[in-house]
Amino acid sequence: MPKVKPHRARPTLDMTPMVDLAFLLVTFFMLISKFAPEEVVVVDTPSSTSDIKLPESDIITITVDKTGRAFYAVGGQKTRQELLDKMAAKYKLNFTPAEKQQFATMESFGVPIEQLKSLLNLSPEERKRARQPGVPFDSVNNQLGDWIMQTRYSNPKVKIAIKGDNDASVPAIKGVIKTLQDRKVNRFNLITDMEVKPRNL
């Protein structure tokens with residue numbers, strides 16, 4: 001008598017839960033991700049082995065590009081609004097509520113305060129293309145020092161970081177550090193790159 005072969009069903013794997021999980025993870029990361037703000041100027045920072053991380057809020061970032069221009073950035077919309085009010089009072093300038101709102105949403109800038117009004121009246125796209133001469137920090141007109149002090153009055157918890165280009169001149173970086181030291185700020189961070197760059201021999 002012949003043997004009866006049992007019917008073998010092919011195993012199946014339902015991928016629906018895996019697809020659902022993948023979409024949930026993508027949605028989760030999209031919602032919690034905080035995108036880095038677009039910078040006015042791109043700098044190539046020098047490499048370093050330090051692994052101290054900067055805080056994500058309450059920080060002033062002073063960026064010095066390869067031509068020696070200084071750009072100023074401070075976190076927090078409320079801090080930026082208070083800061084603009086204080087600087088406007090100090091320099092006897094008036095900013096409209098719309099200009100104040102624009103400044104509160106602007107991450108960084110690099111113009112003397114006298115040119116700030118015209119920069120704020122540009123559209124975001126025009127602002128990206130506008131040539132910014134840098135915040136003055138020379139001995140005659142040290143507006144960078146005023147921005148630092150007024151920010152510290154607005155938010156005493158703020159920390160300071162200098163982000164200098166690898167090809168920035170030493171006198172420009174020294175000028176920023178001297179501005180900080182003249183305002184009795186002796187604790188600040190230098191932003192560097194964790195990559196070890198090959199040396200040209």
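A: Rings of Phe, Tyr and Trp (its six-membered ring) pair if their centres lie within 6.5 Å. Please note that the model is a predicted one. A search of the whole structure finds six aromatic pairs.

Q: What are the distance between ring centres and the angle between planes for Tyr-72 and Trp-147?

A: Planes under 30 degrees apart count as stacked, over 60 as edge-to-face and the rest as tilted. For Tyr-72 and Trp-147 the ring centres are 6.0 Å apart and the planes stand at 35°, so this pair is tilted. The pair links distant parts of the chain, with Tyr-72 in strand β2 (residues 70-74) and Trp-147 in helix α6, 75 residues apart. Ring pairs also join Tyr-72 and Trp-147 with Phe-103 and Phe-109 into a cluster.

Q: Are Tyr-72 and Trp-147 buried or exposed?

A: A residue counts as buried under 20% relative accessible area. Tyr-72 has a value of 1% and is therefore buried; Trp-147, at 0%, is buried too.

Q: Which residues of helix α6 are buried?

A: They are Gln-143, Leu-144, Gly-145, Asp-146, Trp-147, Ile-148, Met-149, Gln-150, Thr-151 and Ser-154. Because ten of the twelve residues of α6 are buried, the helix is largely enclosed by the rest of the structure.

Q: Which residues does Gln-150 touch?

A: Leaving aside residues up to four places away in sequence, Gln-150 touches Leu-83, Lys-86, Met-87 and Lys-90. Gln-150 lies in helix α6 and is buried, with a relative accessible area of 13%. Lys-128, in helix α5 (residues 124-129), is partly exposed at 47%.

Q: In what order do the strands of the open sheet stand?

A: The order of the five strands is β3-β2-β1-β4-β5, and the pairing is mixed. Strands β3 (108-109) and β5 (189-190) are at the edges with a single partner strand each, so one side of each has no neighbour in the sheet.

Q: How many bridges join β1 to β4?

A: Six bridges join β1 (residues 59-64) to β4 (residues 159-164), and the two strands run parallel. Thr-63 stands opposite Lys-163 in β4.

Note on methods. Residues are numbered from 1 along each chain as its sequence is written. This is a predicted model: local features need pLDDT of at least 70, side-chain atom pairs count only at pLDDT 80 or more; totals for chains, interfaces and linings use all residues. Side-chain values use heavy atoms; hydrogens and water are left out. Buried means under 20% relative accessible area, exposed over 50%, partly exposed in between (1.4 Å probe, protein chains only). Helices (H or I, at least four residues) and strands (E, at least two) are DSSP runs, numbered from the N terminus. Contact means heavy atoms within 4.5 Å. Two strands pair if DSSP finds at least two bridges between them.
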